[in-house]
Amino acid sequence: MSGISTGAVRGSVVEAVGLSKTYQHNSVLNDLDLVVESSSFVVLLGPSGSGKTTLLRCIAGTERLTGGELRIDSQVVANSRVHMPPDRRKLSMVFQDYALWPHMTAAANVAFALRRLPVNSGERRRRAVHMLDRVGIAELSEQYPTRLSGGQQQRVALARALVADTPLLLCDEPLSNLDAHLREQVRVEIATLSRDSGATVIYITHDQEEAFALADQLAVIDGGRILQLAPPEEVYWRPADPFVAHFTGLSGRLVGQVLGPAGGGRFKVRTSTAELVATAIRPPEPQSSVSLLLRPDSLSICSSHQVDQVLFGVVRDVSFRAGAYDHVVEMAEGQRLVGVRSTTRNSRGANVAISVDPSGCLAFPLEAELGAELRLKSASAPVPPALEASASGPVAIGPSLEAPL
Ligand code: ADP
Ligand code: MG
């Protein structure tokens, strides 16, 4: 191993089979299956309390499984009889709260990850400074963490996680404590440096934008189960489940009744005000009630002379964002569509027509969709701070990371 990333690391393969984890009577992971390919970047996306941190801790080995089996590169690291300690699992972690040693300089924090390598302290330091250079802060090598900004501290933590060339990198919401303007920069650094290293990355977030930007594969988790594991484009255009659709960005929903097939795997649906062609992941029963979940990219304000695939409404709000206008449009029965984009501003109170592209008009059986919406509402209820802190706090782990407690 060179110690300086060359991309030569072969990323670990991680397999979770029927994983379960119960705290007292609270089952947090439920018969969870997940396969992460070598050198892929998998983002686990789910609401607060869905079990993301628990899953990551089970993979890291800082939490014991209640049931199931976990393998890394085909080797069983945890099941009902086996529990390999974290420092033998060849992984490193990046946490939300950086978890740096306050009494060590940036370079010493990074070099600490190399302490078990058979190289002298001068060489460890050289590699640490080189890695700090790669994350853009070599000039801060001799600073202590308290003198560094959040973004700089997270870069030190990233350098520490990458310097030892471990084949598996676990990231638990590493951007969530950073200011908005830094988030994008640090996100790009995590994406590029980890891919350069060749490591497999399992990265958790509750932020859909971050998830789509980073993932090779996106795993949507709810209630301790993976609902869908697929490339981000597939999750977006072919969500396996209404919960997945809700959690990955909608303008709104309509209720309608299936009229019949429209060709190409699509279906005609009658709503209270329009007849729309919708995409269904699974063919709906004829005449059944469905929810139509509308992706924002599929809606555009159009001329009212267009007769097909059009909804009518009144603009309730308009805001300028990223070079165009986002409209909130209220339809006849009070349903609202948000984030309806247009390059021209339509003022509040204006009557508008909105065309609907069938590819982002997603039909799900009404009952399943109502259940998903309820789950999402209860999942978004705030987690008590004490529990959140205990679940995501720093832990001591690994050859490349022993964080201060
Ligand atoms: P996420 O990271 O998706 O927000 P967590 O994995 O941290 O979710 O937590 C999922 C649920 O597991 C929490 O809502 C909480 O009820 C429970 N939990 C997590 N850690 C513990 C713990 N150490 N003891 C008891 N319950 C816990
Ligand atoms: Mg968490």
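These legends describe close-up views of a predicted model.

**View 1. The largest nonpolar core of the predicted model.** This core holds 106 residues. Those with the most contacts inside it are V43, V110, L170, I202, A219 and L292. Helix α4, residues 150–163, gives the most to the core, with seven residues. Domain 1 (14–241) and domain 2 (250–379) both give residues, so the core lies between them.

**View 2. Contacts of A219.** A219 is one of the residues with the most contacts inside the largest nonpolar core. Neighbours within four places in sequence are left aside here. Beyond them, A219 is in contact with L34, V42, V43, L44 and L45, and also with I226 and L229. Among these partners, V43 is likewise listed for the most contacts inside the core.

**View 3. Strand β9 and its burial.** β9 spans residues 217–222. Five of its six residues are buried, so the strand is largely enclosed by the rest of the structure.

**View 4. β3 beside β9.** Strand β3 covers residues 41–45. β3 and β9 run parallel and are joined by four bridges. In this pairing, L45 stands opposite V220 of β9.

View 5. Strand β10, residues 225–230, pairs with β9 in the antiparallel sense. Five bridges link β9 and β10. I221 stands opposite I226 in β10. Two residues lie between the strands of the hairpin. There, G223 takes a positive phi near 55 degrees.

Definitions and conventions:
Residues numbered from 1 in each chain as written. Chains lettered and ligands numbered in written order. Predicted model: local features only at pLDDT ≥ 70, side-chain atom pairs only at ≥ 80, totals over all residues. Core = buried A, V, L, I, M, F, W, Y, C linked by C-beta atoms within 7 Å. Buried ≥ 20, exposed ≤ 12 C-beta atoms within 10 Å, placed from the backbone. Domains from an automatic or database assignment. Contact = placed C-beta atoms within 7 Å. Pairing = 2+ DSSP bridges.
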